[in-house]
Amino acid sequence: MSTLKNKVQLIGNVGNAPEIKSLESGKKVANFSIATNEFYKNLNGEKVQNTEWHNIVAWGKIAEIVEKFVGKGKEVAIEGKLTSRSYETEAGEKRYVTEVVANEILLLGIKGE
């Protein structure tokens, strides 16, 4: 068990157009969310869909790939690590964010989409 790592693998659809920022260093960062769907049958035998939203952060070359090829609705596979951070709003409220920092992205779907 000592070889287990913080590793996340997700396949889902991009929610909105990725937000791309260029930092002073010239490095790019991409922020976007993806939706993953799970289907199951409830006690009455009815099919139920559960959708989870995941915040994704991509840096450097991966951010450049996201900028060029990823848009709203695009199906992608993401591999990365789970991170958590907190920040304070202007009103002084503490907020917590959990994100997946992508270290690999695979563009799925039909070629030429």
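Accessible areas here come from the Shrake-Rupley method with a 1.4 Å probe, and for residues only the protein chains shown count as cover. By that method the protein chain exposes about 8400 Å², of which carbon and sulfur atoms supply 49%. This is a predicted model, where local features need pLDDT of at least 70, side-chain atom pairs count only at pLDDT 80 or more, and totals for chains, interfaces and linings use all residues. Residues are numbered from 1 along each chain as its sequence is written, and side-chain values use heavy atoms, leaving out hydrogens and water.

**Overall layout**

- The protein chain holds one helix and six strands. Helices (H or I, at least four residues) and strands (E, at least two) are DSSP runs, numbered from the N terminus.
- From the N terminus on, the order is β-β-β-β-α-β-β.
- The C-alpha trace spans about 55 × 45 × 40 Å along its principal axes.
- Of the 113 residues, 31% are buried. Buried means under 20% relative accessible area, exposed means over 50%, and partly exposed lies in between (1.4 Å probe, protein chains only).
- Take the contacts (heavy atoms within 4.5 Å) with a separation of 6 or more: residues 24 or more positions apart account for 57% of them.

**Helix 1**

- Helix 1 covers residues 60-69, and its buried residues are Gly60, Ile62, Ala63 and Val66. They sit on the same side of helix 1 because they cover an arc of only 155 degrees around the axis. That arc is taken from the directions from the helix axis to the C-beta atoms.
- These buried residues pack against strand 2 (19-22), strand 3 (28-41), strand 4 (47-59) and strand 6 (94-107).
- The face turned away from the buried side carries the exposed residues Lys61, Lys68 and Phe69.

**Strand pairing**

- Two strands pair if DSSP finds at least two bridges between them. Isoleucine 11 has alanine 77 in strand 5 as its bridge partner.
- Strands 5 and 6 also run antiparallel, with 13 bridges. Here tyrosine 87 is partnered by arginine 95 of strand 6.
- Strands 5 and 6 form a hairpin with five residues between them. Glycine 92 in the turn has a positive phi of about 85 degrees.

**A buried serine**

- Serine 33 is found in strand 3. Its relative accessible area is 18%, so serine 33 is buried.
- Leaving out residues up to four places away in sequence, serine 33 touches Asn13, Val14, Gly15, Trp53, His54 and Asn55.

**Salt bridges**

- A salt bridge is a side-chain nitrogen of Lys or Arg within 4 Å of a carboxyl oxygen of Asp or Glu. The count comes to five.
- Lysine 7 and glutamate 79 form one of them (3.9 Å, N to O). Lysine 7 lies in the segment before strand 1 and glutamate 79 in strand 5, so the pair ties together parts 72 residues apart in sequence.
- Arginine 85 pairs with glutamate 99, their closest N and O atoms being 3.0 Å apart. This pair links strand 5 to strand 6. Arginine 85 is partly exposed at 42% relative accessibility, whereas glutamate 99 is buried at 10%.
- Arginine 95 and glutamate 93 meet at 2.7 Å, N to O.
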